[in-house]
Amino acid sequence: MHSTASLISECIAGNEAAIEMFVRQYETGVFRLALSIVSDPAEANEITQETFIAALRSLSSYEEKKSLKAWLYTIALNHSRSHLRKRKTIERLKNTLNSIFRVETQKQVLPEESVIQNDKEAEIWRALNQLDEPFRIVIVLRYFHELPISEISEILSVNEGTIHSRLHTARARLRNALNHLHGE
Amino acid sequence: MQITHEEAHQLIQFSMDQTLRPQEKNTLQAHLDDCMECRYFAKEIQEVEAHLVPAMQKHWNLQPAPLSVEAITGKRKPSLQPSLRLVTRTAIIGIVFAAFVFSSWQFAVSKGRSSTPMPVGVLPIPTPSGQSTSTKISFENCEEIIYQVQENDTLESIAAQFSVSKDKLMVVNNLAAEAINPNTDLLIPICNSTPTGTVHPSTLTTTFTPLTDPTASASTPSG
């Protein structure tokens, strides 16, 4: 088993076996992070590939202060965000065109939505998707990726206090969503 | 130690992140033992956590399609593709949009044309203006006759005879004064209509109809 440092240096040297090892080790995590942001497996795959291409190109500038995973996740996060931005532009364009042509598009119901039997789980899921991005990402990294606060702070380049307060706000909002369900 | 509900909520949140110090833990526990509301809050936050993780896992615990290392190490093509695709998509949408705008504009123009077809058909018919017709007619029907001045003739009487103005006779014959000598020849312009040149179209018909009458009256004195 390679140590992280030797793996990195071999990747920089262009050793394909080392690169393959590096990719296999982190691809699931990167893919799931991308998926949790863009919610589209095909797009998440694209982002994963882009992330590794970008990472291998700038691997020499990687500083060991940050964990390799946090560093990779930062790249993945940036790529996911730029994909989201592109998608928003396209959607805005589509909406404009639709309103001009007066095309009534049926609202797509995600197949997963119907799978969820549990009301509370569905409500939480809905509330999570309605959270503003900074709060949503913190929740995703904390609960789905099970990262410690310190690593989340590294990935987002935000201090730990802010991460805590975002987590608190996000949890309080999700709780309100559940309460809303109880109230109905 | 007494803490407010707000502080208790804060501590509950910190305990969820496992960042509670032992002393704070005791304080929180003491508050929770007394406060049912905060116990409820803690329970609800735990419930959020309990549902959150399975909800996310259900949606996102997918395996990635295995990446090809050659694609990552080798060519840069794959990284270019998405942006290129975006550009082509945008370009296609742009072209379609431009075509739509152009066609709808064309449609609007042709529609506007068909609604008012009359003026185009009417305009080309040539209608002579009243002014030009009247002058033409008056010059066409003018003739000059030579009249020998008699003993008792005055310019006035001649003018009255031929229904011509005195001034006109003077102009035509280059006369400086009204006095005329007998046995001299005078040119008398006889016209069917007075060539004033300012005949209105409404009066045009009236100048047309008595076409023969003035000639008849003009011929009587001479004959």
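Of the 223 residues of chain B in this predicted model, 12% count as buried. Chain B holds 11 helices and 2 strands. Along the sequence these elements follow the pattern α-α-α-α-α-α-α-β-α-α-β-α-α. Among contacts in chain B between residues at least 6 apart in sequence, 69% join residues at least 24 apart.

**Where the two chains touch**

Chain B also touches chain A, in a contact that takes 33 residues from chain B and 40 residues from chain A. On the side of chain B, the elements giving two or more residues are helix 1 (5-16), helix 3 (36-60), helix 4 (69-73) and helix 5 (77-115). Which of these helices gives the most? Helix 3 of chain B does, with 14 residues. The table sorts this side of chain B by residue class.

| Class | Side of chain B that touches chain A |
|---|---|
| Nonpolar | 21 residues |
| Polar | 6 residues |

**Two helices in chain A**

Two packed helices are described by the angle between their axes and the distance between the axes. In chain A, the axes of helix 2 (residues 16-38) and helix 3 (residues 41-57) come within 8 Å and cross at roughly 135 degrees. An angle over 145 degrees would count as roughly antiparallel, and 65 to 115 as roughly perpendicular. Helix 2 of chain A and helix 3 of chain A are therefore oblique to each other. The crossing of helix 2 of chain A past helix 3 of chain A is right-handed.

The residues that helix 2 of chain A brings to this contact include Ile19(A), Val23(A), Glu27(A), Val30(A) and Phe31(A). Among those they meet in helix 3 of chain A are Ala44(A), Ile47(A), Thr48(A), Thr51(A) and Phe52(A). By class, the residues of this contact divide into 12 nonpolar, 3 polar and 2 charged. An α-helix has 3.6 residues a turn, so residues three or four places apart point the same way.

**Helix 7 of chain A**

Helix 7 of chain A runs over residues 133-144, which is 12 residues. At 1.5 Å a residue, helix 7 of chain A should span 16 Å, and its end C-alpha atoms are 15 Å apart, which agrees. Is helix 7 of chain A largely enclosed by the rest of the structure, or exposed? Of its 12 residues, 9 are buried, so helix 7 of chain A is largely enclosed by the rest of the structure. The buried residues are Phe135(A), Ile137(A), Val138(A), Ile139(A), Val140(A), Leu141(A), Arg142(A), Tyr143(A) and Phe144(A). After helix 7 of chain A comes Glu146(A), whose phi is positive, near 50 degrees.

Definitions and conventions. Residues are numbered from 1 along each chain as its sequence is written. Chains are lettered from A and ligands numbered from 1 in the order in which they are written. This is a predicted model: local features need pLDDT of at least 70, side-chain atom pairs count only at pLDDT 80 or more; totals for chains, interfaces and linings use all residues. Axes are lines fitted to C-alpha atoms, for helices over the stretch in contact, and angles run from 0 to 180 degrees between N-to-C directions. Helices (H or I, at least four residues) and strands (E, at least two) are DSSP runs, numbered from the N terminus. Angles under 35 degrees count as roughly parallel, over 145 as roughly antiparallel, 65 to 115 as roughly perpendicular and the rest as oblique. A crossing is left-handed if the near helix is turned anticlockwise from the far one by less than a right angle, and right-handed if clockwise. Two residues are in contact if their C-beta atoms, placed from the backbone, lie within 7 Å. Ala, Val, Leu, Ile, Met, Phe, Trp, Tyr, Cys and Pro count as nonpolar, Asp, Glu, Lys and Arg as charged, and the others, Gly among them, as polar. The expected span of a helix is 1.5 Å times one less than its number of residues. A residue is buried if 20 or more other C-beta atoms lie within 10 Å of its own, exposed if 12 or fewer, and partly exposed in between; C-beta atoms are placed from the backbone.
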